[in-house]
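Look at the chain shown here before reading on. The text then goes through it part by part.

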Amino acid sequence: MTNKSAASKAVQRSEGVWLAAWRRLRSDKVGMVSMVIVGLFLLLVLASAAGLVAKNWQKEVGVPNAPPTFMGPAPAEAQGALNMPAGPNVDLSDIDPLAPKYAEWNERAKAYKTEVTVKAETLPWGGDRLGRDVLSKVIKGAEVSILVGVLAAVVATFIGTVLGALAGFFGGKVGDVLEWVYNVFTAIPSILLIFAFAVIFGRGVLSVVMILGLAGWTGIYRLIRAEFMKHSVREYVRSAEAIGASKFSRMFKHILPNVSHVALVQLSLHVVAFIKSEVILSYLGLGVGVDQVSWGTMLSESQSELILGYWWQLAGVTAVMAVFVTAFALFTDALRDALDPKLRGLE
């Protein structure tokens, strides 16, 4: 009994795929820091969607083109203030027939209370041409741009994975038809394909998601198709076939979990690519609606402000977008290294 218990303790239970990937990811300091930054951005997006932050991004809280706080208020001349001449009002009763009514109208106007909003001369990150807070716009723009990038990547990954699984597992006529569809989509330059879908679907968040998802599935399709062709002839799939497992069971219960790392890495890679694409579409006026804000619309607005020397909206959105895209790209690299089966010694 003693020898058996010692032998059983000596045998170590092999760790699962995801546990091994998490162990490798934790050892990558750059990847962990990037994951924390991406997580903070996602929390900020959720807070913005819930209305906890940046809910009044459309409110004109400052003077037009209010500078950042560290620069101090702009000179009165730059704010468009006019120096009115001093002295008593000129009597226009002889030439203005309505002059006798002015006193009566002033008395009536006093009965109505008007609320005068005092606008700030400076804002933390400055203001745009209407006096809206740039910081609030950047946060709200992050919500739209990141949401579009994530949802479009999910749509593209789903389409590419399903079609790639069908083409790689069944082959034959099914594979030929799907290869023809793939060749049609890849024969058209991606930018022209995106513009064509933009004309069909119009503007809006959902439209941009569908445009990018339908135009970006081809690369995922090729990778998943190759993985399914490779795994469909392996021993564990043949064993499942021998015990009576259906084709769809072998595809999605046996093969798909073993190639899910490819889809996951492609999903994260496409998030960054689709955020950039959304920025380009919104910059060109083909993205989100005019009543919404995204990083692309902010860049489009800032080009006219930059000519007049108002650089803070461009600097703010560029800095935030660069931080998120860089952190997400580094996190994707770390995730790809952690999930690569060759690095885990499985292939």
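The paragraphs below take up the annotated regions, a pair of helices and one serine. The model is predicted.

Start with the record. An unreviewed UniProt entry annotates residues 32-54, 144-168, 180-200, 206-224 and 310-332 as "transmembrane region". What does the model show over residues 180-200? The chain there is 90% helix and 0% strand, and the C-alpha atoms at its ends are 23 Å apart. The span of residues 310-332 is 91% helix and 0% strand, with 35 Å between its end C-alpha atoms.

Now turn to a pair of helices. Two packed helices are described by the angle between their axes and the distance between the axes. Helix α7 is made up of residues 190-201, and helix α8 of residues 205-215. Their packing angle is about 145°, and their axes lie 9 Å apart. The crossing of α7 past α8 is right-handed. On the α7 side, the residues in contact are L193, I194, F197, A198 and F201. They meet S207, M210, I211, L212, L214 and A215 of α8. Of the residues in this contact, 10 are nonpolar, one is polar and no residue is charged.

The last stop is S48, which sits in helix α3, residues 29-49. Is S48 buried or exposed? S48 has a relative accessible area of 1%, and buried means under 20%, so S48 counts as buried. Which residues does S48 touch, leaving aside those up to four places away in sequence? They are V53, A54, I139, K140 and E143.

Terms used:
Residues numbered from 1 in each chain as written. Predicted model: local features only at pLDDT ≥ 70, side-chain atom pairs only at ≥ 80, totals over all residues. Heavy atoms only, no water. Axes fitted to C-alpha atoms, helices over the stretch in contact; angles between N-to-C directions. Helix = DSSP H or I, 4+ residues; strand = E, 2+ residues; numbered from the N terminus. Left-handed = near helix turned anticlockwise from the far one by under 90°. Contact = heavy atoms within 4.5 Å. Nonpolar A, V, L, I, M, F, W, Y, C, P; charged D, E, K, R; others polar. Buried < 20%, exposed > 50% of the residue type's maximum accessible area, 1.4 Å probe, protein only. UniProt positions renumbered as here; feature names shortened; annotations may be inferred.
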